[in-house]
Structures are given as structure tokens and as C-alpha cells.
Amino acid sequence: MVSGALQVAGLLIGGIGMIGTFAVTGMPQWRVSAFIEHNIIVFETIWEGLWMHCIRQANIRMQCKVYDSVLALSADLQASRGLMCAGSALSSLAFLVAAVGMKCTRCRQSSWPAKGYILLMAGLLFILSGAITLIPVCWVANTIIKDFYNPAVNVAQKRELGEALYLGWVAAFCLLAAGAIFCCFCRCCEKTRSYGYSAPPHHPLHSQHLHRTTESSYSRSQYV
């Protein structure tokens, strides 16, 4: 009962992380225009994402344009494209593997030990996808902070952390937590099985056989 609830919790957390990873990949709010010093035009907000940049004017309308070329992006955004796509693919694969390996899922010709190894694989995939998702989010955030405090960068070119980065941190944490749950669960189950195998049960027929052998040996010694 507890093991099934733990697996369901891990699958739900992993599903939230997977959906968050897809959302972060498509959101344009990676870099947001900063309103500092003389840049006080608050009725216009600029968003820069992995695939497009948007201009939102006074909460009335928003215009988005896809980047004409990948070379127009900075190095961190170029690498973030590939890493986020890889993280999304791995999180989807981990979710499917975890759904197949769960104890409550019934498959033909499948035993629970085999499903335990499947859950272990799902946990490792979740951890890998979380790490891959965390790398571009932290990289872009570090670049934004460095440029923000760099006096050589023009004020109009400075950006702030967007909502996509915060959501990316939450999604990566969910993926890592789901992977840790599945890996720890498989490890505990492996210890339980090894402990059960090390102490074989006391069979009553074996005890009766030993008792009869002892009585026959005692009777023979009396006759002698």
C-alpha cells in the first residue's frame, strides 16, 4: 500500500516536472527588459526566449517574432535550445518508463523484480533530465546577472530574470525529486529482498524428519 502510494507520488512529481520542462522550452520570458536609470519606458516590455522575442505594449497587445537565424542568438541561448530539447525528450522517456515499471501496472510475462529495475532506470532518466534542464537555466541566469552589474553594458541592453527561469528551476527540482524517489524505492526493495533470501523459512516437514532421525538413533543406542 505504502509502496504503491510512493510510486504514484513519484510519477506525479515527475509528470509536473515534464510539463514544466515543455513549458519553459516554449516560453519567451527567459530575458525581460529591466527598468533602471534612464530606461523608464514602462509601457513597453521586451521578452526574449529561445525561439522568439516579443514586445508587449501597455498590457494591450503583444507582437512576437521568431528569430531569423540561430546565429542571431547569444551563445548561452544557442546551447540552451539543444539542452532544453534534450531535457524534454528525456523527461518524457522517463515518465513512460516509470509508468510501465510501476507495481500497479499489469504487463504480461513481467515480474516485480524486473519492474524494479525498470523503475531504477526511470529514476536515473529523471535525474539526468533534471540535470540537463538545470544547466541552461542556471547558465542564462548567470549571464543576465553578470551583464546587469557590468558597467560596460548599455542600460537599454540590460535584462532581468524572466518567469521562465523560475519555472525552470521548479521543473528541474521536480525531476530530480522524482528520480530520487524511484531510485531510493528500488534500493529499499532490493535490501528487503536480499534480507528475505538470507534467512530461509523454517520448514515443519524438515523439523519432523530431524526429530525422527534423532529418535531412531537414540533407540539404536539403547539396544546396543
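Where does UniProt place the feature "transmembrane region"? The unreviewed entry lists residues 81–105, 117–145 and 165–185; UniProt positions follow the numbering used here, feature names are shortened, and annotations may be inferred rather than shown by experiment. Keep in mind that this is a predicted model, where local features need pLDDT of at least 70, side-chain atom pairs count only at pLDDT 80 or more, and totals for chains, interfaces and linings use all residues. Residues are numbered from 1 along each chain as its sequence is written, and side-chain values use heavy atoms, with hydrogens and water left out.

View 1. Let's begin with residues 117–145, which are 100% helix and 0% strand, with 42 Å between the end C-alpha atoms. Residues 165–185 are also 100% helix and 0% strand, and here the end C-alpha atoms are 30 Å apart. Helices (H or I, at least four residues) and strands (E, at least two) are DSSP runs, numbered from the N terminus.

View 2. A pair of aromatic rings is described by the distance of the centres and the angle of the planes. Rings of Phe, Tyr and Trp (its six-membered ring) pair if their centres lie within 6.5 Å; planes under 30 degrees apart count as stacked, over 60 as edge-to-face and the rest as tilted. The count by this rule is 3 aromatic pairs. One of them is Phe126 with Phe182, stacked at 6.0 Å centre to centre with 10° between the planes. This pair links distant parts of the chain, as Phe126 belongs to helix α3 (residues 112–148) and Phe182 to helix α4 (residues 163–198), 56 residues apart. Both Phe126 and Phe182 are buried, meaning under 20% relative accessible area, while exposed is over 50% and partly exposed in between (1.4 Å probe, protein chains only).

View 3. Phe148 and Tyr149 form an edge-to-face pair, 5.3 Å centre to centre and with 80° between the planes. Phe148 is partly exposed because its relative accessible area is 22%, whereas Tyr149 counts as exposed at 66%. Lys158 lies over the face of Phe148, 5.9 Å from the ring centre; for this, NZ of Lys or CZ of Arg must be within 6 Å of the ring centre and within 35 degrees of the ring normal.

**View 4. Strands side by side.** Two strands pair if DSSP finds at least two bridges between them. Strand β1 (residues 31–33) runs antiparallel to strand β2 (residues 44–48), joined by 2 bridges. Arg31 has Glu48 in β2 as its bridge partner, and Glu48 stands opposite His53 in β3. Strand β3 (residues 52–57) pairs with β2 in the antiparallel sense over 5 bridges, and β2 and β3 form a hairpin with 3 residues between them.
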